[in-house]
Amino acid sequence: MVPITYRCWVEVSRRQLADNYHAVRSLVGPDIGVMPVVKADAYRHGAVEVARTLTAEGAEWLAVSNVEEGVTLRQAGITARVLIMGDFLSFERPALIDYELTPLVHSLTQLRDFDRMAAALEKPLAYHVAVDTGMGRLGTREDAAEVAVAIRNARHARFEGVMTHFASAANYDSPQTEDQLSCFDRFCAALAGLGLRPEIVHLSSTIPVAYARRRAWGNMVRPGHAIYGYVSPARGNDAPRPVLDVKPALNWKARILEVKDLPAGALVGYGGMFRAERPTRMAVVAAGYADGVHHRLSNKGRVIAGGKLAPIIGAVSMDMTTVDITDCPPLKPGDAVTLLGREGNAVLDARQIARMAGTISYSILCGIGQRVKHVYS
Ligand SMILES: *Cc1c(COP(=O)(O)O)cnc(C)c1O
């Protein structure tokens with residue numbers, strides 16, 4: 001491999017992404033499709049490379065949040081089916097058609113509009129209907145009979161799928177997931193009673209897959225987090241253990257700009273938030289909150305330096321983070337530290353970082369900044 005000459009970068013393992021995809025594949029079995037979610041730049045693993053990797057492994061569908069993300073995949077030559085989950089605005093409709101993206105339709109008005117567009121075209125446009133079974137966000141709340149009428153009236157667009165999304169899948173103390181499932185089953189049964197049987201039925205993101213809530217698998221699942229190697233913990237007395245074995249695919253690194261010895265009593269960074277209690281060897285690392293190092297890790301977070309966990313001292317600033325490396329092996333400017341990932345025996349994953357920052361692992365991954373480079377192996 002060529003030497004990496006970046007200040008701050010992530011290394012993404014294509015092999016690990018593929019292994020995680022296959023772990024989901026083999027758990028759900030051959031009769032259930034797997035639609036990896038690559039929205040938000042594949043949780044910052046790089047949507048195009050992740051899409052290339054997973055389609056090469058057999059993924060026939062990918063899901064993104066918006067039309068722009070779908071267009072990015074198409075322009076990179078991705079030909080898999082692409083589901084747009086986060087709705088589309090009227091100005092995005094031409095791109096939806098030009099790039100053959102498949103929308104989730106969230107309302108009957110939208111379904112009529114979409115059909116009008118389809119009428120003007122040669123090729124049939126497929127869509128999936130999103131049902132709000134209790135998430136209380138996007139998705140139609142109309143009853144099945146109303147939806148069925150709208151589907152029938154939409155003679156040009158092709159009704160291909162129906163889906164819903166869970167609000168509390170990780171919480172086994174809450175009845176919400178079972179309530180949503182019952183609501184969804186009733187909806188689908190009513191549609192079937194009216195002669196409408198979509199080819200594709202999908203409800204589950206990572207959690208219901210990883211905790212084997214098979215009743216919620218439909219015939220396609222939509223994992224995001226699991227593809228990147230994460231399964232959030234389930235809560236509740238009856239919470240089962242996860243049955244999915246996946247591992248993080250990303251290491252996030254930054255170089256040391258300067259190593260300095262501070263006398264006891266010295267203050268570090270904005271606000272003098274840290275005071276050295278002892279003579280302290282400090283490294284200034286070339287990544288700050290503009291790169292995605294959460295500001296709440298100020299005086300609280302850790303990085304891995306020389307294979308050992310080392311505390312962040314002082315405020316995380318925009319472009320730099322200061323770290324206490326007194327107890328680490330010798331390090332010099334130009335050496336890299338690990339902001340997230342594994343180095344020697346030390347591990348720092350997005351969940352651990354999220355806990356220190358008081359947020360969720362998703363937001364740590366998605367927060368990896370724009371100027372952080374990507375390297376794939
Ligand atoms: C983001 C998203 C997913 C993927 O969720 P994970 O928890 O990352 O697996 C699935 N479905 C919808 C509708 C989403 O918005």
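A salt bridge here is a side-chain nitrogen of Lys or Arg within 4 Å of a carboxyl oxygen of Asp or Glu. By that rule, a search of the whole structure turns up 21 salt bridges. This is a predicted model, where local features need pLDDT of at least 70, side-chain atom pairs count only at pLDDT 80 or more, and totals for chains, interfaces and linings use all residues. Residues are numbered from 1 along each chain as its sequence is written, and side-chain values use heavy atoms, with hydrogens and water left out.

**View 1. Asp 113 and its two arginine partners.**
Asp 113 forms a salt bridge with Arg 93, with 3.3 Å between the closest N and O atoms. This pair ties together distant parts of the chain, 20 residues apart: Asp 113 belongs to helix H6 (residues 108–119) and Arg 93 to helix H5 (residues 93–98). Helices (H or I, at least four residues) and strands (E, at least two) are DSSP runs, numbered from the N terminus. Asp 113 also forms a salt bridge with Arg 116, again with the closest N and O atoms 3.3 Å apart. Here both partners, Asp 113 and Arg 116, sit in helix H6, three residues apart, or about one turn of the helix. As for exposure, buried means under 20% relative accessible area, exposed over 50%, and partly exposed in between (1.4 Å probe, protein chains only). Arg 116 counts as exposed because its relative accessibility is 56%, while Arg 93, at 21%, is partly exposed.

**View 2. A salt-bridge network around Arg 158 and Glu 160.**
Arg 158 pairs with Glu 160 in a salt bridge, the closest N and O atoms lying 3.4 Å apart. What else joins in? Arg 81, Arg 158, Glu 160 and Glu 199 are linked in a network of salt bridges. Glu 160 has a relative accessible area of 2%, so it is buried; Arg 158, at 34% relative accessibility, is partly exposed. Side chains of opposite charge can pair when their charged atoms come close.

**View 3. Helix H7 against helix H8.**
Helix H7 (residues 144–153) packs on helix H8 (residues 176–193) at an angle of about 50°, with the axes 9 Å apart. That angle makes H7 oblique to H8. Axes are lines fitted to C-alpha atoms, for helices over the stretch in contact, and angles run from 0 to 180 degrees between N-to-C directions. Angles under 35 degrees count as roughly parallel, over 145 as roughly antiparallel, 65 to 115 as roughly perpendicular and the rest as oblique. The crossing of H7 and H8 is right-handed, meaning the near helix is turned clockwise from the far one by less than a right angle. On the H7 side, Ala 144, Val 147 and Ala 148 meet Phe 187, Ala 190 and Leu 191 of H8. By class, the residues of this contact of H7 with H8 are six nonpolar, no polar and no charged. For these classes, Ala, Val, Leu, Ile, Met, Phe, Trp, Tyr, Cys and Pro count as nonpolar, Asp, Glu, Lys and Arg as charged, and the others, Gly among them, as polar.

**View 4. Helix H6 beside helix H7.**
The axes of H6 and H7 come within 9 Å and cross at roughly 10°, so these two helices are roughly parallel to each other. Leu 108, Leu 111 and Asp 115 in H6 meet Glu 146, Val 147, Ala 150, Ile 151 and Asn 153 in H7. The contact of H6 with H7 has five nonpolar, one polar and two charged residues.

**View 5. Helix H1 crossing helix H3.**
Helix H1 (residues 14–28) and helix H3 (residues 47–56) pack at about 55°, their axes 9 Å apart. That makes H1 oblique to H3, and their crossing is right-handed. Arg 14, Leu 17, Ala 18 and Tyr 21 of H1 meet Glu 49, Val 50, Thr 53 and Leu 54 of H3. Sorted by class, the contact of H1 with H3 has five nonpolar, one polar and two charged residues.

Leu 203 is found in strand E8 (residues 200–204) and counts as buried, at 2% relative accessibility. Leaving out residues up to four places away in sequence, Leu 203 touches several residues, among them Phe 166, Leu 181, Phe 184, Trp 217 and Met 220; contact means heavy atoms within 4.5 Å. Thr 177 is in helix H8 and is buried too, with a relative accessible area of 1%. With residues up to four places away in sequence not counted, Thr 177 touches Phe 166, Ser 168, Ala 169 and Arg 213.
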